Amino acid sequence: MLLYIHIPFCDSKCFYCAFNSYVDLFHLKKEYMTSLKIQLKYELKKIPNQKLKSIFFGGGTPSCIDAIYYEDIFIELKEFISKDTEITTEANPNSASKQWLNDMKNLGVNRVSFGVQSFDDKKLKFLGRNHNHTQAIDAINNAKEVGFEHINCDIIYDTAIDTKELIQNDLNIIKTLPIDHISAYSLTIEEGTKFFDRANVQIENEEMTRYIFNSLSTDGFSQYEISNFSKNEKARSQHNFGYWEKEDYLGVGAGAVGCFEDTRYYPKKDVQEYIANPIEYEKEEKLSKEDTKFEKLFLGLRSAVGVSLDILSKSEIQKVELLEKEKKVYIKNNRFYNYDFLITDEIVLFIED
Ligand SMILES: C[S@@+](CC[C@H](N)C(=O)[O-])C[C@H]1O[C@@H](n2cnc3c(N)ncnc32)[C@H](O)[C@@H]1O
Ligand code: SF4
């Protein structure tokens with residue numbers, strides 16, 4: 001069982017970001033954390049006597065909430081945490097002070113994921129980020145100094161101002177940092193963002209994408225999902241892996257999503273409404289067998305999780321065998337795996353009856 005906890009506050013809104021986060025609701029922070037605790041208690045009742053495989057504080061920006069506000073949350077979580085529970089927090093370089101990182105570590109967080117996006121100040125401005133490259137490098141070094149063994153850095157590519165030189169410079173810096181994980185995302189243009197109304201902000205460049213993937217691999221980060229790279233197996237994100245394996249996850253917070261026993265549920269997105277009633281969901285949807293199969297195919301083929309042949313029909317298995325002959329996929333222990341995560345869509349289209 002996985003647990004996702006959403007923090008819907010940000011110091012500023014990045015031009016590309018459609019996540020449920022607000023820059024003008026800081027006065028609700030305290031009330032929000034109280035409601036979060038109420039929903040958390042309610043959700044944890046669904047899993048008596050279980051230990052969580054992973055907990056992920058995401059956002060928004062978890063680091064714009066003082067560590068003291070997380071104390072009560074960790075009290076609720078105590079009996080659900082084992083020594084193996086991965087506990088990640090996202091953090092922004094401008095707000096994750098050394099003190100905050102240290103306090104979160106003392107509460108039990110054992111992995112930190114920084115939204116860096118780039119180490120180029122021009123690109124950071126272009127993306128609407130409110131930190132510079134020095135702050136990002138300092139934040140990562142601080143996390144290492146306070147004792148985090150597992151540190152991730154998010155970067156974004158496929159922007160209109162990317163050049164080979166800029167990307168190379170980012171990759172050169174990444175090589176020198178004490179991190180064991182990289183999430184590299186292709187920029188997507190989302191409705192409701194500043195970028196949505198602008199032309200020429202995104203350029204897809206498969207050659208550059210492959211160059212990034214290959215360079216990361218040369219630098220010791222092996223790819224285990226289309227956007228995720230780790231220094232070794234221990235550094236892989238258990239939380240992400242759980243999602244791709246279609247494990248159940250509890251979703252806590254405004255705009256979070258949970259999935260429990262084939263039902264996806266959505267706590268209220270509006271922060272005020274959520275605070276008023278944190279245990280009333282906005283909607284619930286029962287997943288059909290077809291939905292689940294489709295997700296297993298996509299998530300499994302975009303990652304090292306692979307897909308069980310048991311979910312396929314006879315004719316679909318024949319198509320997988322054909323793809324194996326063409327060296328597009330390989331079959332091992334009754335599961336099949338993709339060699340090239342970038343061609344997942346084509347493979348799924350080909351296989352599905
Ligand atoms: C949910 S955000 C929160 C992280 C944290 N608040 C931060 O920005 O530092 C997680 C990551 O998603 C990625 N992301 C968000 N919107 C994106 C978009 N439109 N295209 C590509 N990546 C995106 C960014 O790399 C970001 O760091
Ligand atoms: S990318 Fe992170 S900091 Fe920027 S608006 Fe989204 S959640 Fe907030």
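**View 1. The surroundings of ligand 1.** In this predicted model, 18 residues surround ligand 1, and the closest are Gly60, Asn92, Gln117, Arg129 and Asp154; a residue counts as near when one of its heavy atoms lies within 4 Å. The shell around ligand 1 divides into six nonpolar, eight polar and four charged residues. Here Ala, Val, Leu, Ile, Met, Phe, Trp, Tyr, Cys and Pro count as nonpolar, Asp, Glu, Lys and Arg as charged, and the others, Gly among them, as polar. The strands β3 (86–91), β4 (111–117), β5 (150–157) and β6 (181–186) each supply at least two residues of this shell. Helices (H or I, at least four residues) and strands (E, at least two) are DSSP runs, numbered from the N terminus.

Residues are numbered from 1 along each chain as its sequence is written, while chains are lettered from A and ligands numbered from 1 in the order in which they are written. Local features need pLDDT of at least 70, side-chain atom pairs count only at pLDDT 80 or more, totals for chains, interfaces and linings use all residues, and side-chain values use heavy atoms, with hydrogens and water left out.

**View 2. Polar atoms facing ligand 1.** A polar side-chain atom of Asn92 sits 2.7 Å from an oxygen atom of ligand 1. From the backbone, an N or O atom of Gly60 lies 2.8 Å from a nitrogen atom of the ligand, and one of Gly115 lies 3.4 Å from an oxygen atom of ligand 1. Of the 560 Å² of accessible area that ligand 1 has on its own, the protein covers 92% (Shrake-Rupley method, 1.4 Å probe).

View 3. Among the residues around ligand 2 are Cys10, Cys14, Cys17, Gly60, Asn92 and Arg129. By class, this shell has four nonpolar, five polar and two charged residues.

**View 4. Helices α11 and α12.** Helix α11 (residues 314–325) and helix α12 (residues 344–351) pack at about 135 degrees, their axes 9 Å apart. Glu316, Lys319, Val320, Leu322 and Leu323 in α11 meet Ile347, Phe350 and Ile351 in α12, where contact means heavy atoms within 4.5 Å.

**View 5. Two backbone spots.** A cis peptide bond, with omega about 15 degrees, joins Gly59 and Gly60. Gly60 belongs to the loop between β2 (54–59) and α2 (71–77). Asn49 has a positive phi of about 60 degrees although it is not a glycine, and is placed in the loop between α1 (29–44) and β2.

Terms used: Polar contact = N/O pair within 3.5 Å; in protein donor to acceptor, adjacent residues only side chain to side chain. Axes fitted to C-alpha atoms, helices over the stretch in contact; angles between N-to-C directions.
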